[in-house]
Amino acid sequence: MRRARPLALALAVGLAWVLLPVRAAADETGEIVSIDKKEFLAHRLERRGLDLLMEKEGRVYAVVSPGELAALFAARVRFTRVTERFFPYDQTGISADGGLNGAYHSTLELETDFRALARDHPQLARVVELGTSLEGRTIYALKISDNVSQDEGEPAVLVLGCHHAREWISVEVPFLFGRYLLENYAADAAVRNLVDRSEVWIVPLVNPDGLEYTIHVYRYWRKNRRLNADGTYGVDINRNYSYAWGYDNIGSSPEPASDVFRGTAPFSEPETDAVRRLALSRDFRAVISYHSFSQVILYPWGYVDAPAPADSELHAMAGTMAGLIAAVRGTVYGYGRAAQALYVTNGDTVDWAYATLGIPAFTIELPPVDVDHGGFFNDEAAIDAIFRENLPALLYLAGYAANSPAPPHARPRDRGARLRLPFRILPGGRIDNGR
Ligand SMILES: [Zn+2]
């Protein structure tokens, strides 16, 4: 089914409010609390599947539901409510661009802009429908390549955004990258070379149902909009990929109410299934999945705090990207193994891509650096600057993909299997791919 017309959708949303007032209200209320790190560990709260925002100055910040708040009280955990400090941050009105989401894309606006890009660059851009969300919205990709309507079997790079609904900036960076390539193809030889030799696949909005929910109902929503068996909503689609899925209950949760609920089975969700089918259908050589916030570049593993095969190469590539970002205007992005950077995560995109496809895979957490600088609420005026500082790193990884040989033939699907990446990093960040 194609996406419903906006009017029909609005009516459906209105009806849902009439029919399900209790559920809607339960979804809507959340609090941000901060807990001393020692207290947090003493109560083993890392096992609760809380929606963790960040760790700062010895305190852990989390978004908690009313039920979780009650559980914290019951367990005599000492915490501080800090919601007012952060919500809404710097988002006091409707912008000149209009609409509830200002300069950020809604699902419809993204589709409209994708179709306009494809119309204006018919040789270079094509809108591809990857699948349909639970609420009937189309999950879109923009394929960018020369002779775009032909299948030339070129090496490809995959750029993903917005697994998590509230991370609005993660839609904009992939979208702007696509637009940049198309608008600079004619004048920029490096862009032309990249586009001619490879396929760039842009999927800025993996979770359209969740995004719409953050626009119209609850800005802090994270998951998709799966109605779970116990009446709660949502699967964390960045815990729903198959590699090391459900490895433990710290990196994801078996509890449907949790904000890191992993779903009932790997790839149970149409959003992850759409990414999986695309990823397996083309010759991808690298992937970036954008999230926000905290300014960090993460590479496998996330599911366990141990080095992945070719760990030093991944580390060097992440370091190169961090250097390219910092060179633009001095913004510092950290980098490291995902499980080391904050907490373990299992069933996420990059562990799966790395283990299954044998290609370098990175999660980039976009600005700001922490909740005090806005958390999920990036100033609209900062969108373009955030894209600009990420552009050289994107071009680097896309260039790597375009020039790399095919990934190793043995694509390990088991945790213990050895993975050998088809490249080495030389001092200074140069890639040696054996040519
Ligand atoms: Zn995220």
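This report walks through a predicted model of one protein, from its overall make-up to a few local details.

## The big picture

Let's start with the whole chain. The protein has 435 residues, and 49% of them are buried. Its secondary structure comes to 14 helices and 14 strands.

## The eight-stranded sheet

Now for the strands. Eight of them form an open sheet with mixed pairing, and reading across it gives the order β5-β6-β8-β7-β9-β12-β10-β11. At the edges sit β5 (125-132) and β11 (334-337), each of which pairs on one side only. From one strand to the next, the twist averages 20 degrees.

Helix α10 (residues 270-281) lies across β5, β6 (138-144), β7, β8 (199-203) and β9. Relative to β5, α10 runs at about 135 degrees.

## Helix α14 and its partner α7

Next come the helices. Two packed helices are described by the angle between their axes and the distance between the axes. Helix α7 (residues 169-184) packs with helix α14 (residues 383-403) at about 60 degrees, and their axes are 9 Å apart. The two helices are therefore oblique to each other. The crossing of α7 past α14 is right-handed.

Which residues make this contact? On α7 they are I169, E172, V173, L176, F177 and Y180, while α14 brings I383, I386, F387, N390, L391 and L394. By class, this contact has 10 nonpolar residues, one polar and one charged.

## Helix α14 and its partner α11

Helix α14 also meets α11, and their axes come within 7 Å and cross at roughly 145 degrees. Again the crossing is right-handed, with α11 passing α14. From α11, the contact takes in T320, M321, L324, I325, V328 and R329; from α14, it takes in R388, E389, N390, P392, A393, Y396 and L397. These residues divide into eight nonpolar, two polar and three charged.

M321 is a handy residue for exploring this area. It lies in helix α11, and M321 counts as buried because 24 other C-beta atoms lie within 10 Å. Setting aside neighbours within four places in sequence, M321 is in contact with I297, A393, Y396 and L397. There's also L395, which is 74 residues away from M321 along the chain, yet the C-alpha atoms of the two are separated by 9.7 Å.

Finally, zoom in on the backbone. Most residues other than glycine have a negative phi, and most peptide bonds are trans. The loop between β9 (284-292) and β10 (296-299) holds F293, and a cis peptide bond joins S292 to F293, with omega at about 10 degrees. Another cis peptide bond runs from P300 to W301, where omega is near 0 degrees. W301 lies in the loop between β10 and α11 (311-329).

What about phi in S294, positive or negative? It is positive, near 135 degrees, in a residue other than glycine. S294 lies in the loop between β9 and β10, and Q295 lies in the loop between β9 and β10 as well. For Q295, phi is also positive, near 55 degrees.

Note on methods:
Residues are numbered from 1 along each chain as its sequence is written. This is a predicted model: local features need pLDDT of at least 70, side-chain atom pairs count only at pLDDT 80 or more; totals for chains, interfaces and linings use all residues. Helices (H or I, at least four residues) and strands (E, at least two) are DSSP runs, numbered from the N terminus. A residue is buried if 20 or more other C-beta atoms lie within 10 Å of its own, exposed if 12 or fewer, and partly exposed in between; C-beta atoms are placed from the backbone. Axes are lines fitted to C-alpha atoms, for helices over the stretch in contact, and angles run from 0 to 180 degrees between N-to-C directions. Angles under 35 degrees count as roughly parallel, over 145 as roughly antiparallel, 65 to 115 as roughly perpendicular and the rest as oblique. A crossing is left-handed if the near helix is turned anticlockwise from the far one by less than a right angle, and right-handed if clockwise. Two residues are in contact if their C-beta atoms, placed from the backbone, lie within 7 Å. Ala, Val, Leu, Ile, Met, Phe, Trp, Tyr, Cys and Pro count as nonpolar, Asp, Glu, Lys and Arg as charged, and the others, Gly among them, as polar. Two strands pair if DSSP finds at least two bridges between them.
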